[in-house]
Amino acid sequence: MDDFIDLTVDRGPARGEFSDEEDEAAFSSNWSLYKRKVWKLRHNDRNYRLVSFHADELQEDVTCSRVGNYLWASTHIKNLDLKCCNLTDEKMRRLFGSIAQQNATNRYLMKRNILEDLGVNEPTLVDNILDSLTSFRNLTDINVSRNGFGTEGLDVLVKALQGSPIKNLDISRCNVS
């Protein structure tokens, strides 16, 4: 039954591929960061709407992977501030790569009418299903300025943000030409 998504309830804590014990081990050197920010993401805290990380907080690859996994599952984020975080193309892939892949799957579902083929024909139900799969349903502002990522990192970000109600995207002073 773990292969199915229950569309009748809100997304709960983002468990992903990491256990609590793995998170404890991964964040043992920066437990304060985990308690202040990552834990809220992981548990989809309704009050955690402005997510902000600083330069030294996203240096480790394991941190980027876990934060990326938990960002995908968080449904309440309105503002994401990652300015001056020394984000490279690789770190952008770690943060947003799985989200971009999920969005590609969503486009495939819509393009191929898979839901219709499964007998899901009611438009409202189809919209609700696709909406539940959409990442960043409430994200309106994202700031990734003053980072070192280039075109590849921007491509991953744009794919991850597809379908999101973005109003402001700041990519100033990045290596994007």
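Asp 61, Glu 90, Arg 93, Arg 94 and Glu 152 are joined in a network of salt bridges. A salt bridge here is a side-chain nitrogen of Lys or Arg within 4 Å of a carboxyl oxygen of Asp or Glu. The whole structure holds 10 salt bridges. This is a predicted model, in which local features need pLDDT of at least 70 and side-chain atom pairs count only at pLDDT 80 or more, while totals for chains, interfaces and linings use all residues. Residues are numbered from 1 along each chain as its sequence is written, and side-chain values use heavy atoms, with hydrogens and water left out.

**Salt bridges**

- Arg 93 is partly exposed, at 34% relative accessible area. The classes are buried under 20% relative accessible area, exposed over 50%, and partly exposed in between (1.4 Å probe, protein chains only).
- Lys 159 and Asp 155 form a salt bridge at 3.2 Å, N to O. Why is the spacing about one helical turn for Lys 159 and Asp 155? Because they are four residues apart in helix α7.
- Asp 81 pairs with Lys 83, with the closest N and O atoms 3.0 Å apart. Asp 81 is buried at 16% relative accessibility, whereas Lys 83 is partly exposed at 36%.

**Overall layout**

- The protein chain has seven helices and four strands. Helices (H or I, at least four residues) and strands (E, at least two) are DSSP runs, numbered from the N terminus.
- From the N terminus on, the order of elements is α-α-β-α-β-α-α-α-β-α-β.
- Of the 177 residues in the protein chain, 41% are buried.
- Among contacts between residues at least 6 apart in sequence, 81% join residues at least 24 apart. A contact means heavy atoms within 4.5 Å.

**The sheet**

- Four strands make an open sheet in the order β1-β2-β3-β4, with parallel pairing. Two strands pair if DSSP finds at least two bridges between them.
- β1 and β4 (168-170) stand at the edges with a single partner strand each, so one side of each has no neighbour in the sheet.
- Neighbouring strands of this sheet are turned by 5 degrees against each other on average, direction ignored. The axes are lines fitted to C-alpha atoms, for helices over the stretch in contact, and angles run from 0 to 180 degrees between N-to-C directions.
- Strand β2 (residues 79-81) pairs with strand β3 (residues 141-143) in the parallel sense, over three bridges. Asp 81 stands opposite Asn 143 in β3.

**Helix α2**

- Helix α2 (residues 31-42) has 12 residues, but its end C-alpha atoms are only 14 Å apart, short of the 16 Å that a straight helix would reach at 1.5 Å a residue. The expected span is 1.5 Å times one less than the number of residues.
- Its buried residues are Leu 33, Tyr 34, Lys 37, Val 38, Leu 41 and Arg 42. Seen down the axis of α2, these fall within an arc of 135 degrees, so they line one face of the helix. The arc is that of the directions from the helix axis to the C-beta atoms.
- The buried residues of α2 pack against α1 (20-26), β1 (50-52) and α3 (61-73).
- Asn 44 follows α2 and has a positive phi, near 50 degrees.

- Asp 20 lies in helix α1 and is partly exposed, at 35% relative accessible area. Asp 20 and Arg 42 are 22 residues apart in sequence and 10.0 Å apart in space, C-alpha to C-alpha.
- Thr 140 is in the loop between α6 (123-133) and β3. Thr 140 is buried, at 19% relative accessible area.
- Leaving aside residues up to four places away in sequence, Thr 140 touches Lys 78, Pro 165, Ile 166, Lys 167 and Asn 168.
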